[in-house]
Amino acid sequence: MRLASSPERMEDLSACGMARSFGMPMELISPKEAWDMFPIMSMDGVLGAAYTPTDGMIDPTGLTNALAAGAKSRGAQFFLDTNVEAITLKEGRVQAW
């Protein structure tokens, strides 16, 4: 969801017809509709919003840490300040480093 708090930003968001022409689902919604979807937001000064249900954002650091934690829980090891000079594969998997 992208919010507009100025007429200029609302005009930018109104170009959602172009996004739809490329197959991206996007619609303009009212401040109330935006608040219904995300009730912890403040509606102060919000003129409208563009809603794209297939779009999203993520914190890159949080994602990296989550991927590292998942890998560690499955036996991966991390070596900092280490040069990789060779990787030996066996049946498509790392055998030695």
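This is a short tour of a predicted model, stop by stop.

Residues are numbered from 1 along each chain as its sequence is written. Local features need pLDDT of at least 70, side-chain atom pairs count only at pLDDT 80 or more, totals for chains, interfaces and linings use all residues, and side-chain values use heavy atoms, with hydrogens and water left out.

**The cores.** Select Ala4, Leu13, Cys16, Ala19, Met26 and Ala50: these six residues form the largest nonpolar core. Such a core is a set of buried Ala, Val, Leu, Ile, Met, Phe, Trp, Tyr and Cys residues joined through side-chain atoms within 4.5 Å; buried means under 20% relative accessible area, exposed over 50%, and partly exposed in between (1.4 Å probe, protein chains only). Apart from this core lies another, of five residues, including Ala34, Met41, Val46 and Ala49.

**Helix 4.** Next select residues 60-73, which are helix 4. Helices (H or I, at least four residues) and strands (E, at least two) are DSSP runs, numbered from the N terminus. The expected span of a helix is 1.5 Å times one less than its number of residues. For the 14 residues of helix 4 that should be 20 Å, and the end C-alpha atoms are 20 Å apart, which agrees. After helix 4 comes Gly75, with a positive phi near 100°.

**The loops.** Go to Asp81, in the loop between helix 4 and strand 4 (88-90). Asp81 is not a glycine, yet its phi is positive, about 50°. Asp81 is exposed, at 84% relative accessible area.

Finish at Glu91, in the loop between strand 4 and strand 5 (93-96). Glu91 is not a glycine either, and has a positive phi of about 55°. Glu91 is exposed, with a relative accessible area of 79%.
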